[in-house]
Amino acid sequence: MTRPFRVAIVGAGPAGIYAADLLTKAERDFEVSIDLFERLPTPFGLVRYGVAPDHPRIKGIINALIKVLDRGDIRLFSNVDYGTDITLDDLTDRYDAVIFSTGCITDAALTIPGVDLEGSFGAADFVNWYDSHPDVAQDWPLDAERVAVIGNGNVALDVARVLAKQADDMHVTEIPDHVYEGLKSSKVTDVHVFGRRGPAQAKFTPLELRELGHVPDVDIIVYPEDFEFDDGSLEAIESSNQVKQVAKTLTDFTLREPTGAKRRLHLHFLHAPVEILGEGRVTGLRTERQELDGTGNVRGTGVVTDWEFDAVYRAVGYAGTALPQLPFDPRKGVIPNHEGRVVDTLDQAEAAGADLVPGVYATGWIKRGPVGLIGHTKGDALETIGHILGDRNAGVLAEPVFPEESAIVDLLESKGVDFVDWQGYHRVEAAEKAAGEAEGRERVKIATREGMLAAARDEARAQSVS
Ligand SMILES: Cc1cc2nc3c(=O)[nH]c(=O)nc-3n(C[C@H](O)[C@H](O)[C@H](O)COP(=O)(O)OP(=O)(O)OC[C@H]3O[C@@H](n4cnc5c(N)ncnc54)[C@H](O)[C@@H]3O)c2cc1C
Ligand SMILES: NC(=O)c1ccc[n+]([C@@H]2O[C@H](COP(=O)([O-])OP(=O)(O)OC[C@H]3O[C@@H](n4cnc5c(N)ncnc54)[C@H](OP(=O)(O)O)[C@@H]3O)[C@@H](O)[C@H]2O)c1
């Protein structure tokens, strides 16, 4: 093959960008040519629209991803939605291999009565609002004084911290005006986080948990009766430094005296949600007391508590969504795959023995499910890229009909898809930094699709791709 090996990557979050980076750097004796497609006007996925705005160090990972795309050997087509703007056939006709890295963008379901009441919110929706995702409404009701957050993962911590933090302490970040004004209007006094298991089973990471203890004007309150450690818990503490640190930080919180801060953040353990209470709108949450069963798992005790709340946030994990023309396992919320090779089954558990969908691969959260940090998507990418190179070298990939680099540009233009290229991203970034500079902040995010597209088009698409 004298032409470059053509690879399309759908989804420009960290998983997609790491896959592109690793493929360009992989040891090989042939040329590669990679195109990255992203439905939003900007890349970076949850690093831009998930990581909390008051975590600038983690947001800074974007700078490393920018360096990858600045090299100029990977083309970016943003504002292109797989499923409406392009199809699987469009891609397989033009590329030797197609990688899906579309992530997980919705809340996992919590199937208890009352989830649909007004005032019951999914964490993903709230995160989208405070991270100013361009496709969501700009208003968010923050009229609740007493709020429950269900879940004991880092997203629950993010949601609880953003709810408890004073708006002025968030204003130094990149949040746009509507988010600042919304947070400023918040009437919240008490945020209660509920874990269904014990302190040693919380999925918090130590740094994020310790940070809670330093939020200005917020008292952390924990309840000694929730501090149960069974054999399974002690084993987990012994075998994992992370669990040990989390358990220690939580235990240290029991020694803190309230300071009379304006807001309080309560951490409860061994309370499983049973029902969100209310008629029409949320008035409370019913939980059932749990006890550890010796292995770190829990069983119900039958003892229920009714708590008064004005709003309930459900932070019980994210979920992937099905993509057109591709198999999907609704239980796992992933594209079924064996080590990144997409397979023709609807059950990930059967992936190892299933037929391959030739030339189609997955990486990141849509490959593995919504668990793990940004850095973990590098390992995913490594495995997937290894198989792509292996399949290419084994000669099992079909020859695309239109392998020329110009073919996709022609297709998008013929369909009237108004894609944004990498230079367009730099113009969005420049506009956001200019808006920030005017207020003495590093950056202020543009909050609408129209605003982003207008910024991206600021100059004619002179150095067009291709
Ligand atoms: C609220 C939240 C906060 C987090 N904070 C941290 C943190 O502080 N530190 C940390 O290490 N990890 C954090 N994580 C985890 C981290 O975000 C993930 O590990 C990582 O983003 C997963 O990468 P991904 O590329 O698989 O998915 P994503 O980041 O979701 O990227 C997927 C991309 O695909 C695009 N896409 C989806 N569908 C289509 C389509 N049909 N066509 C085209 N493009 C499409 C999306 O727009 C998105 O840009 C957080 C996760 C959440 C949910
Ligand atoms: N700052 C950061 O580093 C950061 C920030 C945000 C997210 N992330 C990462 O992103 C990933 C996703 O985070 P996440 O918080 O969405 O998921 P997660 O870590 O899987 O946590 C989900 C939580 O929801 C609970 N849960 C699930 N179903 C429940 C139910 N029916 N009733 C009550 N509780 C239920 C789980 O409890 P059980 O354990 O009992 O199942 C768990 O405590 C994680 O890897 C996380 O570390 C990192």
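Helix α16 gives the most to the lining of the second largest pocket, with 3 residues, and that pocket is one of several spots toured here. This is a predicted model, where local features need pLDDT of at least 70, side-chain atom pairs count only at pLDDT 80 or more, and totals for chains, interfaces and linings use all residues. Residues are numbered from 1 along each chain as its sequence is written, chains are lettered from A and ligands numbered from 1 in the order in which they are written, and side-chain values use heavy atoms, with hydrogens and water left out.

**The second largest pocket**

- About 380 Å³ of space lies in this pocket. Here a pocket is an open set of points on a 1 Å grid over the protein atoms alone, with protein on both sides within 12 Å along at least five of seven lines, and lining residues have an atom within 4 Å of a point.
- Volume is the space filled by probe spheres set on the points, which are joined across faces, edges and corners.
- The lining counts 18 residues, and Pro56, Lys59, Glu174, Glu442 and Arg443 sit nearest the centre.
- At least two lining residues each come from α3 (56-59), α4 (61-70) and α16 (422-438). Helices are DSSP runs (H or I, at least four residues), numbered from the N terminus.
- The lining splits into 9 charged, 6 nonpolar and 3 polar residues. For these classes, Ala, Val, Leu, Ile, Met, Phe, Trp, Tyr, Cys and Pro are nonpolar, Asp, Glu, Lys and Arg are charged, and the others, Gly among them, are polar.
- Domain 1 (3-103 + 320-419) and domain 2 (107-316) both give residues to the lining, so the pocket lies between them. The domain bounds come from an automatic or database domain assignment.

**Ligand 1**

- Ligand 1 has 31 residues around it, with Glu38, Leu46, Tyr82, Trp365 and Gly372 the closest. A residue is near a molecule if one of its heavy atoms lies within 4 Å of it.
- A polar backbone atom of Gly372 is 2.9 Å from an oxygen atom of ligand 1. For polar contacts with a ligand, the pair is two N or O atoms within 3.5 Å.
- Backbone N or O atoms also come up to ligand 1 oxygens at Gly45, at 3.4 Å, and at Ser101, at 3.5 Å.
- On its own, ligand 1 exposes 990 Å², and the protein buries 94% of that. Accessible areas use the Shrake-Rupley method with a 1.4 Å probe.
- Two or more shell residues come from each of α1 (14-25), α2 (45-49) and α7.
- By class, the shell has 17 nonpolar, 10 polar and 4 charged residues.
- Each of domain 1 and domain 2 puts at least three residues into this shell.

**Ligand 2**

- Of the 21 residues around ligand 2, the nearest are Asn152, Asn154, Arg196, Arg197 and Gly372.
- Side chains make polar contacts with oxygen atoms of ligand 2: Arg197 at 2.8 Å, Asn154 at 2.9 Å and Lys203 at 3.1 Å.
- Taken alone, ligand 2 exposes 920 Å², of which the protein buries 82%.
- Helix α7 (residues 154-164) gives the most to the shell, with 3 residues.
- The shell holds 10 nonpolar, 6 polar and 5 charged residues.
- Domain 1 and domain 2 both give residues to this shell, so ligand 2 lies between them.

**The cavity**

- The structure holds 1 cavity of 30 Å³ or more. A cavity is a set of grid points where a 1.4 Å probe fits but cannot get out.
- About 40 Å³ of space lies in the largest cavity.
- Its lining includes Phe121, Asp143, Ser186 and Tyr313.
- By class, that lining has 9 nonpolar, 1 polar and 1 charged residues.

Key:
A polar contact is a pair of N or O atoms within 3.5 Å; within protein, one must be able to donate a hydrogen and the other to accept it, and residues adjacent in sequence count only if both atoms are side-chain atoms.
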